[in-house]
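Morning, everyone. I'll go through one structure today, starting with a strand pairing and ending with backbone angles.

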Amino acid sequence: GDDFLDYVNQTCEIIISSSYNSIDDLNNSKDESVKNNLEELRKNYVTKLGENIQIRRFYCLDNSESFVTGYTHNNKIGAVVALSKEDSQLSKDICMQIVASNPLGLDEKSLDKSILDNERDVYKAELDKIDKKDDIKRNIMDGKVKKFISDNTLLNQPYIKDGSLNLQKIIKDNEIIS
């Protein structure tokens, strides 16, 4: 609702006007003024909205070194992307892809190793139940892991506007910074 959006906008203004780029930077600082301002604002809106609100994370992107843009879908879910070169349509498409498909990482290297290990364990348990040779099971496992990576990494997911493509093919001479 409008009250929550007002809270978010006011919170963002406080954060942007501070020197902190992440929640960790803020929490590790000795400067209590920004923390107190955010806490006071939070308490006021908790009372007003009747909902417990917590700032779990924030990260500020430097738009002087990259092209930063965002997209929200019905003010309920959003995404922000920083590109190396300005491209409004590409950045909007990337944000829409993130909102629609909720990737776990940018590419395979950015996936948390524990997530991949967990998926392998699940697939191994499934494969232990079938009667196939070990080399066939290994090939099936490799295929399932590749499919998981493809479905859950932004650059490899099927593109929402054209399922025969992925973002890696669409980005061309640009680069996702964050």
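I'll begin at a hairpin, which joins E3 to E4 through two residues. Keep in mind throughout that this is a predicted model. E3 covers residues 158-159 and E4 covers residues 162-166, and the two strands pair in the antiparallel sense over two bridges. Within that pairing, Tyr159 stands opposite Asp162 in E4.

Gln97 is found in helix H4. Is Gln97 buried or exposed? Its relative accessibility is 0%, and because buried means under 20%, Gln97 counts as buried. As for what surrounds it, leaving out residues up to four places away in sequence, Gln97 touches Asn102, Leu154, Gln157, Pro158, Tyr159, Ile160 and Leu167. With one of these, Ile160, there is a polar approach: the backbone nitrogen of Ile160 lies 2.9 Å from a polar atom of the Gln97 side chain.

Next, a helix pair. The axes of H1 and H3 come within 10 Å of each other and cross at roughly 180 degrees. That crossing makes H1 roughly antiparallel to H3. From H1, the residues involved are Asp3, Phe4, Asp6, Tyr7, Gln10, Thr11, Ile14 and Ile15, and they meet Val34, Asn37, Leu38, Leu41, Arg42, Tyr45, Lys48 and Leu49 in H3.

Two residues from those lists bring us to the charged pairs. How many salt bridges are there? The count comes to ten. One of them is formed by Asp3 and Lys48, with the closest N and O atoms 3.7 Å apart. Asp3 lies in helix H1, residues 2-16, and Lys48 in helix H3, residues 32-49, so this pair ties together parts that are 45 residues apart in sequence. Asp3 counts as partly exposed, at 32% relative accessibility.

Another salt bridge is between Asp173 and Lys85, where the closest N and O atoms are 3.6 Å apart. Asp173 sits in the segment after helix H7 (167-171), and Lys85 in the loop between strand E2 (77-83) and helix H4 (88-101), so the parts tied together here are 88 residues apart in sequence. On accessibility, Asp173 is exposed, with a relative accessible area of 59%, while Lys85, at 41%, counts as partly exposed.

There is also a pair within one helix. The side chains of Asp128 and Lys124 meet in a salt bridge at 3.4 Å, N to O. Both lie in helix H5, residues 113-128, four residues apart, which is about one turn of the helix. Asp128 is partly exposed, with a relative accessible area of 48%, and Lys124 is partly exposed as well, at 44%.

Last, the backbone. Most residues other than glycine have a negative phi. Which residues have a positive phi near 55 degrees? Asn75 is one of them, with phi near 55 degrees, and Lys172 is another, also near 55 degrees. Asn75 is placed in the loop between strand E1 (67-73) and E2, and counts as exposed at 53% relative accessibility. Lys172 lies in the segment after H7 and is exposed too, with a relative accessible area of 71%.

That's what I have. Questions are welcome.

Technical notes
Residues numbered from 1 in each chain as written. Predicted model: local features only at pLDDT ≥ 70, side-chain atom pairs only at ≥ 80, totals over all residues. Heavy atoms only, no water. Pairing = 2+ DSSP bridges. Salt bridge = Lys/Arg side-chain N within 4 Å of Asp/Glu carboxyl O. Buried < 20%, exposed > 50% of the residue type's maximum accessible area, 1.4 Å probe, protein only. Polar contact = N/O pair within 3.5 Å; in protein donor to acceptor, adjacent residues only side chain to side chain. Contact = heavy atoms within 4.5 Å. Axes fitted to C-alpha atoms, helices over the stretch in contact; angles between N-to-C directions. Parallel < 35°, antiparallel > 145°, perpendicular 65-115°, else oblique.
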